[in-house]
Amino acid sequence: MDVIINQLFSGLSMASILLIIALGLAIIYGSMGVINLAHGEFVMLGAYTTWALQHYLGFGILFALPFVFLVVAAIGWLIELTIVRRLYSRPLDTILATWGIGIILQQLVRIVIGPESRFVQGPKILGGNIEIGSLVMSNYRIFVIFLSIGVLVATWALLTRTEFGTKLRATIQNRNISECYGIETRRIYSLTFAYGAGLAGIAGALITPLFSTIPTMGTSLVVDAFLVVIIGGLGSLLGAAVASVMMGEVTAIFSMVINDTLGRIAVLACVILLIRLRPRGLFPEKTRG
């Protein structure tokens with residue numbers, strides 16, 4: 001029982017990372033209809049930006065977070081402005097283009113920084129553990145969990161309680177009519193894509209003390225994030241939150257009961273079964289066609 005409790009906590013901390021990554025995917029697809037296969041590379045860029053800020057400027061992870069968000073969001077904004085914007089009515093071309101962008105970003109990091117794993121030191125203020133009976137909880141993982149909840153609430157408020165969110169929802173419902181009312185839909189799309197990329201960058205920064213910082217680190221994470229978005233319901237923030245917890249906990253339990261490889265197979269089998277029963281996800285929302 002002690003092992004199970006600690007494994008569940010580990011799954012919850014992993015779920016919080018998946019949630020932040022999946023939020024970016026859900027927002028981009030839900031508002032723009034874009035399946036962004038370069039999203040994992042935004043996670044990777046967030047991790048390397050954190051490493052660079054710590055290595056060259058001495059920034060800790062906590063202090064680096066806003067800078068990481070701005071840097072990766074700016075890269076996402078530039079990619080949307082130069083490439084993705086031209087492909088909105090061509091979904092297959094968008095998939096191929098973002099896949100190619102991801103490969104280019106990986107190779108650029110290999111050439112400029114190198115393929116070796118980079119070390120990022122976790123925040124000293126969050127070192128140590130909290131022990132409650134047999135449950136041992138890392139202070140840093142607790143921080144990540146609460147930060148992911150804060151990001152979820154902030155994203156919900158941005159989309160439902162701000163002028164930007166109102167314009168974005170209007171654009172989703174009818175882009176042509178929104179433009180007639182003076183809404184700059186291109187600017188809304190650019191900012192949305194940048195925000196989703198920035199969230200992925202934050203996730204990349206947060207996992208640097210937990211994962212190896214290498215050029216391919218975002219690949220497996222974005223696959224799980226895509227599964228979270230599909231399970232939760234495309235474009236649903238609530239669905240992304242629930243599905244990320246389900247994915248994290250189920251993966252943790254299966255990995256403990258059997259092993260990591262068979263556990264991944266079992267999780268995928270459960271996802272396939274769930275999609276068969278709920279093709280539109282747990283909390284389906286109307287998204288762009």
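Below is a short chat about a predicted model.

User: What are the ground rules for this predicted model?
Analyst: Local features need pLDDT of at least 70 and side-chain atom pairs count only at pLDDT 80 or more, while totals for chains, interfaces and linings use all residues. Residues are numbered from 1 along each chain as its sequence is written, and side-chain values use heavy atoms, with hydrogens and water left out.

User: How many salt bridges does a search of the whole structure find?
Analyst: Four. A salt bridge is a side-chain nitrogen of Lys or Arg within 4 Å of a carboxyl oxygen of Asp or Glu.

User: Which residue pairs with Glu80?
Analyst: Arg85, with the closest N and O atoms 3.6 Å apart.

User: Is Glu80 buried or exposed?
Analyst: Glu80 is buried, because its relative accessible area is 0%. Buried means under 20%, exposed over 50%, and partly exposed in between (1.4 Å probe, protein chains only).

User: And what does Asp93 meet?
Analyst: Arg90, in a salt bridge of 2.7 Å, N to O. Asp93 is partly exposed at 30%, and Arg90 is partly exposed at 41%.

User: Changing topic, at what angle do the axes of H9 and H10 cross?
Analyst: Roughly 125°, and the axes come within 8 Å. H9 and H10 are therefore oblique to each other. Angles under 35 degrees count as roughly parallel, over 145 as roughly antiparallel, 65 to 115 as roughly perpendicular and the rest as oblique. Axes are lines fitted to C-alpha atoms, for helices over the stretch in contact, with angles from 0 to 180 degrees between N-to-C directions. Helices are DSSP runs (H or I, at least four residues), numbered from the N terminus.

User: Where does Ile258 lie?
Analyst: In the loop between helix H10 (237–257) and helix H11 (260–277).

Technical notes:
Helix = DSSP H or I, 4+ residues; strand = E, 2+ residues; numbered from the N terminus.
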